[in-house]
Amino acid sequence: MYAFSYQRPKTLAEAAGALKTEDAKLLGGGQTLLPTLKQRLARPSDLIDLSAIPEMKGIREVAGGVEIGAFTRHAEVGQSEIVRRVIPTLASLAGNIGDRQVRHMGTLGGSIANADPAADYPAAVVALKSVVVTDRREISGDAFFTGMFETALSPDEIVTAVRFAKPDQAGYAKFRNPASRYAVVGVFVAKFGAEVRVAVTGAGPSVFRADALEAALAADFRAEALDGVAVDADGLNADIHATAEYRAHLVTVMAKRAMGTLA
C-alpha cells in the first residue's frame, strides 16, 4: 500500500522547503520513479510534483547557446525551433529518446538527476560544455555525473535548468536496445574550434569522455581518422545486452556514425 504525502508546489521556494522533509522525493516526468514505486522499491514520505512551477519550464536562446528548463519535456526539446536552429543535434537526440509516450512525459531535469548509465542526455550535457543550474549553484557538466545513478547534487538540491553551449558542429549516434530504446552505446561528438569533445553513454557505469577518439578527431576531423582507434573494455558495462568488449567496439562504430550526422 502506498503511504506518502502528495504535494504540488507552485514556486521553486515551496518545492525546496518541501524537499527538506526526510525521505521526500521530487517527481518530474516520473518515467523512473513511478515504476519504482509500483514495484515497492521506493517508499518516499512525500512526493513533490514539480509540474506547476513555471520557472522550471521553457527554452531560451542565450549568449553562446540555449538554456532549457529542467521540467521541459523531451518532445518539447525535439520540436523546439530554437534548439533545432542553434543545436540541431540536441533536438535530434531528444526526439529519439524512448518512444512517443516517454518523450511526452519525461523531462530533461529528471533524466540527468536520475543519471541512468544508458540515458541519452548525459552525453549531450558533457559534450556540449553544459552548465547545470540548480536552486543554489551552477555545476559544470563535466563535474555533474559522478557514477552509476549518482550526481554532484545534494539530497535537497533541485535542478532548475541546463545551459548548453553551441558547437561549431555536432553529431550523435546510438546503438539502441530494441525494447527500451535506451542506448546500449551512444556517442556525442562536438567541435568547438580546435577542441573536440566525445562523450559516451551506455558503455560504462556513467557517461565519460573518450580521450583517444578526441585526440584522433582533433588532429583530423573526419570519420576516417577513427580507423584503428580502439577503446579499452576494462571497466565497461557487461550484461545480457552486450559484453564489455562489444560495447568497446561499439564506441568507435557509433563515433563514426555520429560523424556522419554532423550539423
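Here are legends for a handful of close-up views of this predicted model.

**View 1. The five-stranded antiparallel sheet.**
Five strands line up as β4-β5-β10-β6-β7, making an open sheet with antiparallel pairing. Who sits at the edges? That's β4 (59-62) and β7 (138-140): each has a single partner strand, so one side of each is left without a neighbour in the sheet. On average, neighbouring strands here are turned by 20° against each other, direction ignored.

**View 2. Zooming in on β6 and its two partners.**
β6 covers residues 131-134 and pairs with β7 in the antiparallel sense, over 3 bridges. The two strands form a hairpin, with 3 residues between them. Looking at individual bridges, Val132 partners Ile139 of β7, and Val133 partners Glu138, also in β7. β6 is also joined to β10 (residues 159-165), by 4 bridges and again antiparallel. There, Val131 stands opposite Arg163 of β10.

**View 3. The three-stranded parallel sheet.**
This one is an open sheet too, with 3 strands in the order β1-β3-β2 and parallel pairing. β1 (5-7) and β2 are the edge strands, each pairing on one side only. From one strand to the next, the twist averages 20°. Pick out β3 (residues 46-49) and you'll find 4 bridges tying it to β2, with the two strands running parallel. Leu27 stands opposite Asp49 of β3.

**View 4. The β11-β12 hairpin.**
β11 and β12 pair over 8 bridges in the antiparallel sense. The hairpin has 6 residues between its strands, and in it Arg181 takes a positive phi near 65°.

Does the span of α11 agree or disagree with its residue count? The helix has 16 residues (244-259), which at 1.5 Å a residue should span 22 Å; the end C-alpha atoms are 23 Å apart, which agrees. Its buried residues are Ala244, Arg247, Ala248, Leu250, Val251, Thr252, Met254, Ala255, Ala258 and Met259.

**View 5. Thr107, tucked into a loop.**
Thr107 belongs to the loop between α6 (100-105) and α7. Is this residue buried or exposed? Thr107 has a relative accessible area of 4%, and since buried means under 20%, Thr107 counts as buried. Leaving aside residues up to four places away in sequence, Thr107 touches Gly28, Gly29, Ala70, Phe71, Thr72, Arg73 and His74.

**View 6. The largest pocket.**
How much space lies in the largest pocket? About 1200 Å³. Of the 45 residues lining this pocket, Leu26, Thr32, Gly110, Ala113 and Asn114 are the closest to its centre. Elements giving two or more residues to the lining are β2 (24-27), α2 (33-38), α7 (108-114) and β9 (150-151). The largest share comes from α7, with 5 residues.

Notes:
Residues are numbered from 1 along each chain as its sequence is written. This is a predicted model: local features need pLDDT of at least 70, side-chain atom pairs count only at pLDDT 80 or more; totals for chains, interfaces and linings use all residues. Side-chain values use heavy atoms; hydrogens and water are left out. Two strands pair if DSSP finds at least two bridges between them. Axes are lines fitted to C-alpha atoms, for helices over the stretch in contact, and angles run from 0 to 180 degrees between N-to-C directions. The expected span of a helix is 1.5 Å times one less than its number of residues. Buried means under 20% relative accessible area, exposed over 50%, partly exposed in between (1.4 Å probe, protein chains only). On a 1 Å grid over the protein atoms alone, a cavity is a set of points where a 1.4 Å probe fits but cannot get out, and a pocket is an open set with protein on both sides within 12 Å along at least five of seven lines; lining residues have an atom within 4 Å of a point. Grid points are joined across faces, edges and corners, and a volume is the space filled by probe spheres set on the points. Contact means heavy atoms within 4.5 Å.
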